[in-house]
Amino acid sequence: ILDQWFESEPLKATLATDAVIGAMTSPHTPGSGYVLLHHVMGQLDGRRGAWGYVAGGMGALSQAIASAAAARGAHIFTEKAVCHVLLGKGGRAQGVVLQDGTEVRSKLVLSNASPQITFLELTPQEELPKDFVQRIQQVDTRSPVTKINVAVDRLPSFLAAPNTRDGRPLPHHQCSIHLNCEGTHLLHQAFTEAAHGHPSSRPMIELCIPSALDPGLAPQGCHVVSLFTQYTPSVLAGGRPWDEQARNTYADTVFDCIEAYAPGFKASVVGRD
Ligand SMILES: Cc1cc2nc3c(=O)[nH]c(=O)nc-3n(C[C@H](O)[C@H](O)[C@H](O)COP(=O)(O)OP(=O)(O)OC[C@H]3O[C@@H](n4cnc5c(N)ncnc54)[C@H](O)[C@@H]3O)c2cc1C
């Protein structure tokens with residue numbers, strides 16, 4: 001699809017990131033065109049394909065939903081894990097039992113836990129149609145994404161567009177910044193490594209700096225950097241565990257890549273998660 005519309009390889013590769021983001025696919029994988037459509041079909045403030053930041057960080061969105069619900073009489077309980085869904089006659093949901101043993105009766109149960117948790121762990125299996133359970137078991141939710149949240153003590157300065165002396169955010173700091181996406185072959189190569197069980201040696205990186213637009217997220221002069229990276233295989237080659245060492249090695253690879261585009265990035269890191 002991109003080849004039909006564009007000539008520039010860096011542009012095609014950057015757009016191709018939306019064809020693979022969050023999916024264990026290469027831009028060459030049939031069906032990746034749908035993933036691209038999925039990511040550009042939305043709109044924000046009437047602008048098609050636009051994405052935005054939630055003012056106050058993602059937590060502000062949950063808080064807004066929570067306060068809207070509370071204003072309409074909802075009671076919210078946190079740290080109350082559900083153990084199972086109570087079913088009555090004919091398999092009708094009648095409430096839930098919490099892990100602490102409390103029973104909560106209701107006419108309706110809505111679950112926003114994943115379909116696997118909801119139907120394979122929380123609902124008595126014998127009450128569900130066998131073919132439905134099988135279909136839930138077959139849903140493939142493996143993700144190649146590793147998200148890294150970083151706190152930095154200065155704004156990254158990219159070789160391609162160095163910071164000004166006053167260190168104020170430039171237009172590109174307020175957008176999503178795509179690294180290791182100069183050519184579609186790089187995305188394919190990063191995917192292929194992960195398909196063989198190895199984290200990409202040159203991962204696809206989408207870097208956002210929400211504090212460039214929302215300064216309240218970090219102390220003055222400091223910033224929060226959100227790194228959406230792939231590909232990390234869910235199962236490592238040779239059955240190696242995704243332990244602290246493996247996670248840190250991958251994070252170091254990502255940081256080395258960013259350092260090549262924005263020298264000084266690694267020295268600016270105050271913390272990472
Ligand atoms: C890496 C990544 C990046 C993303 N980026 C974006 C983005 O930029 N923009 C965007 O719009 N969307 C993004 N998404 C998608 C977005 O995060 C999800 O669509 C959204 O979080 C779904 O919300 P939810 O409340 O339905 O489910 P969840 O956020 O998954 O919430 C389900 C909750 O149920 C809880 N739970 C599970 N089991 C139990 C139990 N037994 N008892 C009680 N509670 C339980 C879980 O702990 C969890 O808190 C991203 C997703 C990922 C993974």
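The expected span of a helix is 1.5 Å times one less than its number of residues. In this predicted model, helix H4 makes a handy test case: it runs over residues 58–71, which gives it 14 residues. From its first C-alpha to its last, H4 reaches 20 Å, close to the 20 Å expected. Just after H4 comes glycine 73, with a positive phi of about 95 degrees.

Next come the aromatic rings. A pair of aromatic rings is described by the distance of the centres and the angle of the planes. With centres within 6.5 Å counted as a pair, the model has three aromatic pairs. One of them joins phenylalanine 119 and phenylalanine 132: their ring centres are 5.0 Å apart and their planes stand at 85 degrees, so this pair is edge-to-face, since planes over 60 degrees apart count that way. Phenylalanine 119 sits in helix H5 (residues 115–122) and phenylalanine 132 in helix H6 (residues 130–138), so the contact ties together parts that are 13 residues apart in sequence. Phenylalanine 119 is partly exposed, at 28% relative accessible area, and phenylalanine 132 is also partly exposed, at 28%.

Another edge-to-face pair is made by phenylalanine 255 and phenylalanine 265, with ring centres 5.5 Å apart and planes at 65 degrees. Here, helix H8 (residues 244–261) supplies phenylalanine 255 and helix H9 (residues 265–268) supplies phenylalanine 265, ten residues apart. Both phenylalanine 255 and phenylalanine 265 are buried.

Definitions and conventions:
Residues are numbered from 1 along each chain as its sequence is written. This is a predicted model: local features need pLDDT of at least 70, side-chain atom pairs count only at pLDDT 80 or more; totals for chains, interfaces and linings use all residues. Side-chain values use heavy atoms; hydrogens and water are left out. Helices (H or I, at least four residues) and strands (E, at least two) are DSSP runs, numbered from the N terminus. Rings of Phe, Tyr and Trp (its six-membered ring) pair if their centres lie within 6.5 Å; planes under 30 degrees apart count as stacked, over 60 as edge-to-face and the rest as tilted. Buried means under 20% relative accessible area, exposed over 50%, partly exposed in between (1.4 Å probe, protein chains only).
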